[in-house]
Amino acid sequence: MGNLFCCVQVDQSTVAVKERFGKFDDVLQPGCHCLPWILGSRLVGHLSLRVQQLDVRCETKTKDNVFVTVVASVQYRALANQASDAFYKLSNTEGQIQAYVFDVIRASVPRLDLDDVFEQKNEIAKAVEGELEKAMSTYGYEIVQTLIVDIEPDVHVKRAMNEINAAARLRVAANEKAEAGKILQIKRAEGEAESKYLAGLGVARQRRAIVDGLRDSVLGFSENVPGTSAKDVMDMVLVTQYFDTMKDIGAASKSSAVFIPHGPGAVRDVASQIREELLQASSVS
């Protein structure tokens, strides 16, 4: 109906290309325009000025001979002041962009190892964007942004990389576990040493108290019972201690103590040994 009344409508963010007798005449901006077809004017097409996105998947090989699939996302739009170039000079805009992306990626990635490809993906994106900007500006297109959105190695390579990473983490965990066990053993040894030291102090104090008690008992008995010597008192104390010990052993239901020989006469030998040790200690001192 619009063509019948020589009127056409151009939508927002869109331009229209007008020809007259088959030759380019003008670029129509958004709005209503008069198009006298009787005078040979006609509308040949529309061109969107919106930002468009093209995802390109490119398979290539790295320097260390690993095949990867690089996914690049190119955002572009047609320039309003070069709409005629964008409309007439390119018949397949997406195919042209894809060809340049393939060319740059396959020239950049083979010079890098796989790990470097992941680390330098921004540099690869800038290289693709720079090459596209130079090429597509001639055809009336602006490259808004280029992103490397994904790098996909071969599935077997990806599995191997995951196994290497897992092995490295297990090695770190094993080292940390061994270090923790080492610290635990050191602390346990320090605790045992401290415990034995305190036990030794306790035993020394106990023996000192026993000696002091025996000395006081011998002195007191000698003073209260005339005619007894220190040797007699010591023998009696040892015999008494012997019978008390035998009583305690017999009262216990489960005892692992064994005295050999076990007769009371053995106390005399024990007493003589103690006296000899005390005399030797006194002579040395």
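Visitor: Which residues does Ile105 touch, not counting residues up to four places away in sequence?

Guide: Contact means heavy atoms within 4.5 Å. Leaving out residues up to four places away in sequence, Ile105 touches Cys58, Thr60, Val70, Ala72, Pro110 and Val128. Some ground rules: this is a predicted model, in which local features need pLDDT of at least 70 and side-chain atom pairs count only at pLDDT 80 or more, while totals for chains, interfaces and linings use all residues. Residues are numbered from 1 along each chain as its sequence is written, and side-chain values use heavy atoms, with hydrogens and water left out.

Visitor: How many helices and strands does the chain have?

Guide: Helices (H or I, at least four residues) and strands (E, at least two) are DSSP runs, numbered from the N terminus. This chain has 7 helices and 8 strands. For contacts between residues at least 6 apart in sequence, 62% join residues at least 24 apart.

Visitor: What share of the residues count as buried?

Guide: A residue is buried with under 20% relative accessible area, exposed with over 50%, and partly exposed in between (1.4 Å probe, protein chains only). Of the 285 residues here, 23% count as buried. Accessible areas come from the Shrake-Rupley method with a 1.4 Å probe, and for residues only the protein chains shown count as cover. The accessible surface of the chain comes to about 19,500 Å², and 55% of that belongs to carbon and sulfur atoms.

Visitor: Which residues touch the most other members of the largest nonpolar core?

Guide: In soluble globular proteins, nonpolar side chains tend to be buried together. A nonpolar core is a set of buried Ala, Val, Leu, Ile, Met, Phe, Trp, Tyr and Cys residues joined through side-chain atoms within 4.5 Å. The largest core here has 33 residues, and Ile97, Val101, Ile105, Leu132 and Tyr141 touch the most other members. At least two residues of this core come from each of β6 (52–61), β7 (67–78), α1 (83–88), α2 (93–108), α3 (114–119), α4 (121–136) and β8 (141–153). Strand β7 gives the largest share, 6 residues. Apart from this core lies another, of 5 residues, including Val8, Ala16, Leu28 and Leu35.

Visitor: How many salt bridges does the structure hold?

Guide: A salt bridge is a side-chain nitrogen of Lys or Arg within 4 Å of a carboxyl oxygen of Asp or Glu. The whole structure holds 7. In one of them, Glu19 pairs with Arg42, and the closest N and O atoms are 3.3 Å apart. Glu19 is in strand β2 (residues 14–20) and Arg42 in strand β5, so the pair ties together parts that are 23 residues apart in sequence. Glu19 is buried at 8% relative accessible area, whereas Arg42 is partly exposed at 46%.

Visitor: Which residue forms a salt bridge with Lys18?

Guide: Lys18 pairs with Asp25, with 3.1 Å between the closest N and O atoms. Lys18 is buried, at 13% relative accessible area, and Asp25 is partly exposed, at 36%.

Visitor: Which residues does Thr138 touch, not counting residues up to four places away in sequence?

Guide: Thr138 sits in the loop between α4 and β8. With residues up to four places away in sequence left out, Thr138 touches Asp85 and Lys89. Asp85 is 53 residues from Thr138 along the chain, but their C-alpha atoms are separated by 7.9 Å. Lys89 and Asp85 also form a salt bridge, the closest N and O atoms being 3.7 Å apart. Thr138 is partly exposed at 45% relative accessible area, as are Lys89 at 46% and Asp85 at 21%.

Visitor: How many aromatic pairs are there?

Guide: Rings of Phe, Tyr and Trp (its six-membered ring) pair if their centres lie within 6.5 Å; planes under 30 degrees apart count as stacked, over 60 as edge-to-face and the rest as tilted. There are 3 aromatic pairs. One of them, Phe87 with Tyr88, is edge-to-face, at 5.1 Å centre to centre and 80° between the planes. Together with Phe24, Phe87 and Tyr88 form one aromatic cluster. Phe87 is partly exposed at 25% relative accessible area, and Tyr88 is partly exposed at 38%.
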